[in-house]
Amino acid sequence: MPDRTPVIVGVGLSDYPVAPHLTGYGHQVQAIRRALDDSGVRKDDIDGLMTVGNNGFMIDDVASMAEYLQIRHQWCEGTQYGGSATEAFVDHAARAIRSGKCDPVLS
């Protein structure tokens with residue numbers, strides 16, 4: 001059985017708030033590109049996706065984001081948690097990876 005120990009392998013941030021010309025999708029795409037570059041993971045290998053809005057940029061529909069990014073997800077979550085979203089998403093992603101639902105997760 002393969003090792004399913006979750007690890008964080010890449011981090012990316014958008015240029016918010018100094019890029020007001022970007023939409024919510026634009027900020028998420030910018031952060032995603034940077035996280036993928038940092039991690040070395042290819043976008044085509046992603047099969048888990050989580051999204052959450054911040055600073056007025058709400059991406060409420062994770063399926064729409066997956067379609068926009070052309071990610072074929074096996075598992076996704078787009079629940080809004082407010083200020084605790086980061087902690088909740090790390091926990092939920094780790095559970096999804098441990099259970100074999102997906103690997104890797106983009107959040």
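Axes are lines fitted to C-alpha atoms, for helices over the stretch in contact, and angles run from 0 to 180 degrees between N-to-C directions. Helices (H or I, at least four residues) and strands (E, at least two) are DSSP runs, numbered from the N terminus. The structure is a predicted model, in which local features need pLDDT of at least 70 and side-chain atom pairs count only at pLDDT 80 or more, while totals for chains, interfaces and linings use all residues. Residues are numbered from 1 along each chain as its sequence is written, and side-chain values use heavy atoms, with hydrogens and water left out.

Helix α1 (residues 24-39) packs against helix α2 (residues 62-69) at an angle of about 60 degrees, and their axes are 12 Å apart. This makes α1 oblique to α2, since angles under 35 degrees count as roughly parallel, over 145 as roughly antiparallel, 65 to 115 as roughly perpendicular and the rest as oblique. The crossing of the two helices α1 and α2 is right-handed, a crossing being right-handed if the near helix is turned clockwise from the far one by less than a right angle, and left-handed if anticlockwise. Tyr25, Gln28, Val29 and Ile32 of α1 meet Ser64, Met65, Tyr68 and Leu69 of α2, where contact means heavy atoms within 4.5 Å. The residues of this contact comprise 6 nonpolar, 2 polar and no charged; Ala, Val, Leu, Ile, Met, Phe, Trp, Tyr, Cys and Pro count as nonpolar, Asp, Glu, Lys and Arg as charged, and the others, Gly among them, as polar.

The count of aromatic pairs comes to 1; rings of Phe, Tyr and Trp (its six-membered ring) pair if their centres lie within 6.5 Å, with planes under 30 degrees apart counted as stacked, over 60 as edge-to-face and the rest as tilted. Tyrosine 25 and tyrosine 68 form this tilted pair, at 4.8 Å centre to centre and 45 degrees between the planes. The pair links distant parts of the chain, with tyrosine 25 in helix α1 and tyrosine 68 in helix α2, 43 residues apart.

An open sheet is formed by 3 strands in the order β2-β1-β3, with parallel pairing; two strands pair if DSSP finds at least two bridges between them. Its edge strands, β2 (75-77) and β3 (105-106), each pair on one side only. Strand β1 (residues 48-50) pairs with β3 in the parallel sense over 2 bridges, and leucine 49 has leucine 106 in β3 as its bridge partner. Helix α2 packs on the sheet and touches β1 and β2, its direction making about 120 degrees with that of β1. Helix α3 (residues 85-98) also packs on the sheet, touching β1, β2 and β3, and its direction makes about 165 degrees with that of β2.

Most residues other than glycine have a negative phi, and most peptide bonds are trans. Glutamine 70, in the loop between α2 and β2, has a positive phi of about 55 degrees. The peptide bond joining aspartate 103 and proline 104 is cis, with omega about 5 degrees.
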